[in-house]
Structures are given as C-alpha cells and as structure tokens.
Amino acid sequence: MTAQLFKLPSKNRSKSTKSYQLRVELKSVKPAVWRRIAVPGTIKLSKLHHILLAAMGWQGGHLHEFIFADAMYGEAQVEMEPGVEDESRVSLVKAMDGASSFTWIYDYGDHWEHKIKVERIVDLGVPLDTAMCITGRNACPPEDVGGAPGYEEFVDAIRDPANPEHQTMLEWCGGAFDPSAFDPFAAQQRLDEIKL
C-alpha cells in the first residue's frame, strides 16, 4: 500500500508557511518568567503585541513599544514620539531585518521589558491559523503591581503571613497568587481567540 500525498488548496499557497519560534523573557524578574511561542513571520507587529499579551498573561490596556536594532514601533492611534513608526504597517520578518532578537516594552509605568529571541525559523508546510504556545515558566506578574521592585515586594508579602501587607495584597490579587504557576493550555486557549 502506498501513501497518497494531498496538495494544499491553492488559496493557502499564497500565505507564508514559515513559522518563527520565539522565546519571550520578562527581564529583571527572578525566577525567570518566559514563554516559547510560534508565530508566522508575516505577522504584523500590532497583532504580535496581542499575541504576546495573551502568551504572557497580561490583560492589556497599557502603552507598549517594540525596539529593534534600527527602529522603534508603536500604536498609530497614540501620539508617538518622533522616530517611532506605526506597528500596524510592518511585519515581524521585515522589522527583524536579519537580527536575532528585539525588545518589547509593555506598560510604561511598570516598564515590563521583554527580550524576544528568534530561536529558529521552521517551514511548517501550512500557514498557522493561530499562534502556538509551546512551553513556558512561572506566572506573569499582576498588572499594575509596580514593576519588578513592586512585584518582589508583592511576592514577599503574600508568602509571609506576618507581613503587614499580607492580607491587603492577597485581597488585591483576588485571594491567591502562585508565582511559580504557568498553564500552557490556558495560554493556548487565549491565543486561540486571536485569529491571524
């Protein structure tokens, strides 16, 4: 018996089948909070922002920017500083321009800086319909916790019942928070809601 090969429908042939495997690591937080995701290289940076939010566990609603070797990108609807380009007009592969890493900053107040490294580029043979969460480690800090220093104080408070802020911080975060928790299936469910 021989296997039959099926051709992809012609409409899919026009879409890129190259997938970028990215390691996204939140800087200045220990232990490291990171995710490994796969996205098409043709994805616009504006869509990539939403994918990064979902993969990390951020809720959204704060300003952000992408920093590449020679360019910065942000939201066109927001008054941008001189030199910041519209993220909705450039794809990941074009912004990378041969580089192997870039920076994504989320929430200027808390200043969550993420280093994003391209680990490899794979031709899957078919285009991705959604981004994929491959793996990751540790919980994303709560929104508006005060950046890396505030997160460290928050974790100290919720771990120590004798800390005067213990009960207040537990109530603020909804009653419980496990800094070591990460559920890749929950991350994938969030990603599945974002159509590429």
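**Exercise 1. In this predicted model, find which exposed residues sit on the face of α6 turned away from its buried side.**

Solution. 
- Start with the buried set. In α6 (residues 184–192), Ala 187, Gln 188 and Leu 191 are buried.
- Recall the helix geometry. An α-helix has 3.6 residues a turn, so residues three or four places apart point the same way.
- Now take the face turned away from the buried side. Phe 185 and Gln 189 are the exposed residues there.

**Exercise 2. Identify what covers the buried residues of α6, and what caps its N-terminal end.**

Solution. 
- Look at the cover. It includes α2 (45–56) and β8 (132–137).
- Move to the N-terminal end. Asp 183 caps α6 there.
- Inspect the atoms. A side-chain oxygen of Asp 183 lies 2.9 Å from the backbone nitrogen of Phe 185.

**Exercise 3. Decide why strand β6 counts as largely enclosed, then trace its pairing with β3 and β7.**

Solution. 
- Apply the cut-off. Buried means under 20% relative accessible area.
- Count. In β6 (residues 101–106), 5 of the 6 residues are buried, so the strand is largely enclosed by the rest of the structure.
- Take β3 (residues 64–67). It runs antiparallel to β6, joined by 4 bridges. Phe 66 has Trp 104 of β6 as its bridge partner.
- Take β7 (residues 112–123). It also runs antiparallel to β6, with 6 bridges. Trp 112 in β7 stands opposite Tyr 106.
- Finish at the hairpin. Between β6 and β7 there are 5 residues, and Asp 107 takes a positive phi near 70 degrees.

How values were computed. Residues numbered from 1 in each chain as written. Predicted model: local features only at pLDDT ≥ 70, side-chain atom pairs only at ≥ 80, totals over all residues. Heavy atoms only, no water. Buried < 20%, exposed > 50% of the residue type's maximum accessible area, 1.4 Å probe, protein only. Helix = DSSP H or I, 4+ residues; strand = E, 2+ residues; numbered from the N terminus. Pairing = 2+ DSSP bridges. Contact = heavy atoms within 4.5 Å. Polar contact = N/O pair within 3.5 Å; in protein donor to acceptor, adjacent residues only side chain to side chain.
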